[in-house]
Structure formats: structure tokens, C-alpha cells
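Subject: Handover of a structure for your study

Dear colleague,

Please find below the structure that I am passing on to you. I would be grateful if you read the notes after it with the model open beside you.

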Amino acid sequence: MMDDLRVLTGKHFMNGDEACAEGALAAGCTFFGGYPITPSTEIAEHLARRLPEVDSVFIQMEDELGSMAAILGASAAGARSMTATSGPGLSLMMENLGLAVMLEIPCVVVDVQRGSPSTGLPTMPGQSDVMQARWGSHGDYEIVAYSPWSAQEMFDLTILAFNIADRYRTPVLILGDEVVGHMIERVVIPPKEQIDHWGRKRPKEPDNGRYEPFKVEDADLVPPMVHAGEGYRVHFTGLTHDERGYPDMSAKTHHQLVTRLVNKIRNNADQIIRTEGYYLDDAQILVVAYGCTARSAQRAVREARQKGIQVGLLRLISLWPFPEALFQELAEKVDTIIVAEMNLGQMSREIQRVTGRPVRGVFHAGGEMIPPESILEAIREAAA
Amino acid sequence: MRQEIRIAGFGGQGVVLAGYVLGKALALYAGREAVMTQSHGPEARGGASSADLVVSEGPIAYPFVQQPDILVALSQEAYTKFRPSAKPEALILIDQDLVKSQEGDHVYVIPATQLAEDLGRRIVANVVMLGYFTAVTGLVDPGSMIKALETSVKAKTLPLNMSAFHTGLEYQVDLENKVAMGRTS
């Protein structure tokens, strides 16, 4: 009975925020700590109602700092945990997001982006947290972020986010936006047995009865994870730590640790990255877009194709880690690169850096979705 | 074929629920694609609000309504605000007691609020309008609408909602400027 309530197998007509919440439930999330903020509020509302139905915990925290701290604690104790926020809240979560990276605690942070900076446009869309997601916390680190373009993907990518978080012991961000969060569409929830659940790498019984919680034995650089309360000694500190988890403030240990944390994501990037291409085979003009903007880009590219323009679309489903090799390969083939994004050129800068090529931007600071017409115009100009 | 529908009224008239039920009927039971978005006035109640639906046979890329093919107006303010953005030849459904339409519009009229009051609750005027919409447009079959209603309203209000839907569905469609649905393509 409990399982029936956790995975609502069937077809639904729901908004992206609700789909995200249902994705969390289907993924086995048992803890949500959050502070409601538009346009992510429906995620918290939905989980406040749904989590208790499946014997799980919803806590409205005092703020976003506490929210992030709460989900780390829950995850360290073995729960699949999540929070949801928008740009201003994500800023407040940044310190503890860095702690999650340092402690290698899996968790999912959903950011339903709105017009920013500051309070900005609470009820209207934006995509300007892309670089905050990448670099918002202090220190060198790599992060994982996915960018859904539909209510269905809010469901699907939330499940993937939990799996990637567990697999690589890392926080994973979902960078949605107000359009995708509030838009109501058909969402198909598969049967429970078809939902992937990779789980965490767990320690084998150590020969000497001792367990070193940050000791890496595998090529993937991911140490097995033990949970507080399972009988092993566990010590977590944000200080630079050795394989036992104890503070070791030496330059050597610091360099080793931070390098491993970064390489853990970089070396496994191929397993984490998701992209989708449309009409790329013979494309001379490449359009790049993500999130809701990719829907406008798809229509623009389809219409341009009907006019005989050789244009293709690369949709970034993951934003971080950045698919460097793919862009280097595509840059060899195309004449022009157009990037459409609801900010003033965040991902386009990364694309320029990696390809060494100028990029034509279709930018908007946010507040409304970039319409297909603006992207089509840029394609036409490039083709002329 | 992409079709755009806007259902508008003042806050509290249930335009969002009406849009939701119609979208659900199309997307889950009638084999169509449908995306719903909404806009509200800044007020908590009152003010013109709308539920927007894009409907298509195939996947819908751009989710927003740009120029409605069909406009349903339950208040004068909503009609005045949203009529200009609809196609000139748009099919328009109004509550005849609450909305005065401009000359030249292809209008279907029904006293939805009065009929709802006759049923005992003016709050179901939105569902009376949905029944009428189903009869006038032929865009969706009554069976799909009924399934969507059954799964969207509270069980204890279902009998009233079903009466409201049938009242609208069976209301005579022969009014001011009858046009074929094909005009909106």
C-alpha cells in the first residue's frame, strides 16, 4: 500500500513543480527540508502533503541555510534528501553546498529559476543562475546540474539526480525555471519496477574491523559511504581531512583531497552528461539551448529547416559538467554557433571558451520566455 | 494543427479549473497533446485572470498562447482585456449576462452563471461553460471531459458538476453568429 502511494504509476496532468515532487517520491526521497519560495513553492507544498503519506519527513526550516544543513544531515544518516528553492535561496545555500562537496554527501537541490538578481521577478522566469550553480560556493570544485525542459523531465531528471548524487557522492542541482515549473502537461509515471534506483556504494566488511570513510579503492575515485548509526565510526569535518575523516591541515593532503573531489566528477563526466541533438548531421548552423528556451529553439529550428536552412539544435540536458569534447567536435563541423538563453550570456561564454569560436547570442535578461521568432531571426541572419 | 485557447474571467470564477479540466481531457483521454499555462492579475481575487491552452496532434514546443483561436470570456473585463490579442476571426464564447461583445465577433452565448444559479450554485458556471464549449467546438468528446471532471473535482461536488456540464452540453447551439469550427484553423 505504501509503495502504491509512493509511485503514482499512470498518466497525470500536472505542473513541473508537482512532477519534480513526484519524481522525488518515486526515487525514494524520505526527507525534504526547505523554505518555500516562488516559483518553487509547489514542490514544498506538494511534498508537505505527500511525504507524510509514505512515512517520510517534511520539515519547513527557518531559512535556506538551515534547509541545506538539514538535508546534509539526513543524507549522512542514510536518507535520500532534497530541497527546493529559487535564485535568492540558492545564494543562501551556497556555503553548505560547498560543505556537501567537501563531505561528499549526496543530495538534490532544485532551483526553479526566476528573474534575478536579488528579489527580481519572483513570479517570472529566468535562467541566470547557471554560473551561480557552477561557481557559487567557495573553493575549487565540480558540480552536477540538469536542466529540464518539460514537466515530464522535471520528473525524470529528479530521479536521475538522486541516482547521480548517490553514485558519485555529490550534490546535484536541478536548474528548472518558472515556465517549466508552472506549466501543466502530461506526465507519465512508470511502474515502480521500471524506476532506476542505483543506490550508494557501501563499504565491504574491512579485514581489520576498521573502516576509513574517505579511502578510495576504485578507479572512479568515489569512496564507499557509511551512514551514521550503522556501527562504524564516522567523522565528518569541513576542514581538510585524511582518509579517516580527521582534520589534516597539510598542503599535501589538501591538494590530494581537492584534486580527487574535482577529478571524481571530471573523470566520470561521460556518465553524467546528457544532451540531445536535432538535425545535427548536416547542420552548418548550430543552435544551443536548454531548459524552457530549448522549446522555442526547437520550433525555430524546425521552421528554419522547412525554409531549407541547414540548422541543427543541441539541447543541453545537463549543464554541468560541461560537455567539452562534444563542443570541440561540433565546432569543427559548423560555420556558426548561436546560443539562446534567458540571461545575458552565461553558457555562451563557456561555449566560446571551449570552442575558441565567437558565438552569436540570443539573450534576454528574463521575465518572459524567449519566443521562437527571436531565435528564427538569428538563424536567418546567420544563413544570409 | 496547433490551436490556442484562452479561458478568461475574474479571479474566483474558476477559469483555472476549467482550463485544467479541458487540458486534462485532451492530454489524457482524447489522445491529443495539450499544455496549460496561466496568468493572473496582481489581485488575490477579482482582476482578469486566464487559463491558456495550446492543443495539437503532435508535440508542442512553444507552450504559450500568442493569438487565441478560441476565447472564452466569463467577465467583461476579461473580454475587453483579451479580445484584442485573439485572432480577428476567433471563436468567442461568452456569458451573455456578464459580457457584451463587440460587433463583428463570431460569438456563441450562454447564460452560464444564471444556469448555474438555477442548479443551486453559481460557482459551477465555469463547468456549464465547459459543457457548452464541448458542444460548440467539437474539439473534445463529452466522454473525455466527463472522465477529466471525475478525476479533478471533489467527490461530493461531482453530482453538481456533472449536472452543470450536461446543462451546458445540452444548451441549444444556434446563436448569434454561428460559424463552423473550421474557421479557426
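The notes below take the overall model, each chain, the contact and one residue in turn.

This is a predicted model, in which local features need pLDDT of at least 70 and side-chain atom pairs count only at pLDDT 80 or more, whereas totals for chains, interfaces and linings use all residues. Residues are numbered from 1 along each chain as its sequence is written, and chains are lettered from A and ligands numbered from 1 in the order in which they are written.

The model scores ipTM 0.93 and pTM 0.96. Please treat one stretch with care: over residues 177–185 of chain B, pLDDT stays under 50.

Chain A

Chain A contains 14 helices and 15 strands. Here helices (H or I, at least four residues) and strands (E, at least two) are DSSP runs, numbered from the N terminus. The C-alpha atoms of this chain fill a box of roughly 70 × 50 × 40 Å along the principal axes. The radius of gyration is taken over C-alpha atoms, and the globule rule is 2.2 Å times the number of residues to the power 0.38. For 384 residues, a compact globule would have a value near 21 Å, and chain A agrees because its own value is 21 Å.

Of the 384 residues in chain A, 52% are buried. A residue is buried if 20 or more other C-beta atoms lie within 10 Å of its own, exposed if 12 or fewer, and partly exposed in between, with C-beta atoms placed from the backbone. Two residues are in contact if their C-beta atoms, placed in that way, lie within 7 Å. Among contacts in chain A with a separation of 6 or more, 76% join residues 24 or more positions apart.

The contact between the chains

Chain A brings 14 residues to the contact and chain B brings twelve residues. On the side of chain A that touches chain B, strand 1 (10–15), strand 9 (184–189) and helix 11 (293–306) each supply at least two residues. Helix 11 of chain A gives the most, with four residues.

Chain B

Chain B has six helices and six strands, in the order β-α-β-β-β-α-β-β-α-α-α-α along the sequence. Buried residues make up 51% of its 185 residues.

Strand 3 (residues 48–56) of chain B has eight of its nine residues buried. Two strands pair if DSSP finds at least two bridges between them. Strand 1 (residues 3–10) of chain B runs antiparallel to strand 3 of chain B, joined by eight bridges; B:Ala8 has B:Ser50 as its bridge partner. Strand 2 (residues 33–39) of chain B is also antiparallel to strand 3 of chain B, with seven bridges, and B:Thr37 is partnered with B:Asp52.

One residue of chain B

B:Asp95 is found in strand 5 (residues 91–95) of chain B. Why does B:Asp95 count as buried? It does so because it has 27 C-beta neighbours inside 10 Å. Not counting residues up to four places away in sequence, B:Asp95 touches B:Leu74, B:Ile110, B:Pro111, B:Ala112, B:Thr113 and B:Ala125.

Yours sincerely,
A colleague

Terms used: pLDDT is the predictor's confidence in each residue, from 0 to 100.
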